[in-house]
Amino acid sequence: MSEQTEQNQRGVVIVGAGMAGVQTAVALREQGFTGPVTLLGAEPHQPYDRPPLSKAVLLGKAEDSAFDVDFEGLDIDLRLGVEVTGLRAAVHELDTEAGPVPYGILVLATGAQPMTLPGTEGVPGVHLLRTLDDAARLRPVLAASPRAVVVGAGWIGAEFATAAREAGCEVTVVEAADRVLAGALPAEVTEPMTRWYQEAGAELVTGAKVAGIEEGRVLLADGRALPAGAVVVGIGARPATGWLDGTGVERGPDGSVTADAYLRTSLPGVYAVGDCASFPSGRYGTRLLVHHWDNALQGPRAVAANILAGGPAQVYDPVPYFWSEQFGRFVQYAGHHGGADTLLLRGDPAGPAWSACWLKGGALVAVLAVGRPRDLAQGRRLIETGVSVDPAKVGDPSVPLKSATA
């Protein structure tokens, strides 16, 4: 029996039933794969979408956000509540609490797990917001409108603070850096965002490190104590790949699986996609780790195409994209501004709608749009084509970005 035949008979096993895992299974069927497809999810819930957790589900406007996928109709063997604990590549088997699972082709789609504050485990009133269960635990808490403290002024911190204010909570956001989104965007862009917190009635405390959390209060390193009926920690996430220790799967310093341009790992027949995997971007000349929804939607199509091809076929080199709804604003970002040499603002950042555009070598490489969806859509196409642009036109908000070519 040939290796390819054996792989097809054993089928494709996907570890992780989030967006990336579900979309990989669906893409395999859509692209014509007829062998067995097994999808392993650690949570007991039907696979669900995460973005609604920080708003609709959290505020009680939706019970859940389950994907509208007919797994049975697609002949996808969905196994829930199955946590994978190990990988034995030599015999093409996964270890789970329910016993070994053989695979022909393996796809790692385990996503990311939220970072926690040391010493806060088990402290009453401390929450994370990553899973459906997290949202379910937080929903009645918010409904009681406690004084809430959010640790971290990143994307998830801002989204939770938005929902908490909508629920009627007094909110204080604590950030260790000297500004919001310090790890994501330059100061010129984040400075106007600072005002959004004040306008929404949320207190923002920057340059403040958390020394500890006790029931009912957050202790800061400078000696201050902030009263807190609820504490939500939103200080980032790291790839959920600890279970791969000793398996031979190459990972980077950040814990991400080191995939190649075809989303293959260092082990034959093993792919990685979504939040758990980094990939080399020829477009940007660097390795990218993208913890956003669109990457978990687009990457699986490339994985499926490459599995069906039986070898390298489709290079995965997207223009990263994400969005965030916060404080009454719709914020979108496309591209990667690391290494850019020029930053141009379109419109007044003090106003309700403006954009930031990054250029490198005369071409647009990234755009952040606040309430300007056309800038995002047109800018994304310019980034994809890599054409040269006229900086004067890019910086003029009256000129459509699609007309800003040099």
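Select Arg195 and Glu191 to begin: the two form a salt bridge, with their closest N and O atoms 3.5 Å apart. A salt bridge here is a side-chain nitrogen of Lys or Arg within 4 Å of a carboxyl oxygen of Asp or Glu. Both residues sit in helix H5 (residues 187-199), 4 residues apart, or about one turn of the helix. Helices (H or I, at least four residues) and strands (E, at least two) are DSSP runs, numbered from the N terminus.

Now colour by accessibility. Arg195 is partly exposed at 29% relative accessible area, and Glu191 is partly exposed at 46%. Buried means under 20% relative accessible area, exposed over 50%, and partly exposed in between (1.4 Å probe, protein chains only).

A note on what you are viewing: this is a predicted model, where local features need pLDDT of at least 70, side-chain atom pairs count only at pLDDT 80 or more, and totals for chains, interfaces and linings use all residues. Residues are numbered from 1 along each chain as its sequence is written, and side-chain values use heavy atoms, leaving out hydrogens and water.

Next, select Glu166, Lys55 and Lys61. What links these residues? They are joined in a network of salt bridges. Glu166 meets Lys55 at 3.0 Å, N to O. That pair links distant parts of the chain: Glu166 is in helix H4 (residues 155-166), while Lys55 is in the loop between strand S2 (37-41) and strand S3 (76-80), 111 residues apart. Glu166 also pairs with Lys61, with the closest N and O atoms 2.7 Å apart. Is Lys61 buried or exposed? Lys61 counts as exposed, at 57% relative accessibility.

Step back and colour the domains. The domain assignment, automatic or from a database, gives domain 1 (3-111 + 240-309), domain 2 (115-235) and domain 3 (330-403). Domain 1 and domain 2 bury about 1400 Å² between them, 59% of it on carbon and sulfur atoms. Buried area is the accessible area (1.4 Å probe) that two parts lose on being put together, summed over both. On the domain 1 side, select Ser54, Leu58 and Leu59, which lose the most area to domain 2, together 39% of what that side buries. Between these two domains there are 4 salt bridges.

Finish at helix H6 (residues 293-309), which has 17 residues. Of these, 12 are buried, so H6 is largely enclosed by the rest of the structure; Leu297, Val303 and Ile307 are among them. Just after H6, click on Gly310, which takes a positive phi of about 75 degrees.

Conventions:
The expected span of a helix is 1.5 Å times one less than its number of residues.
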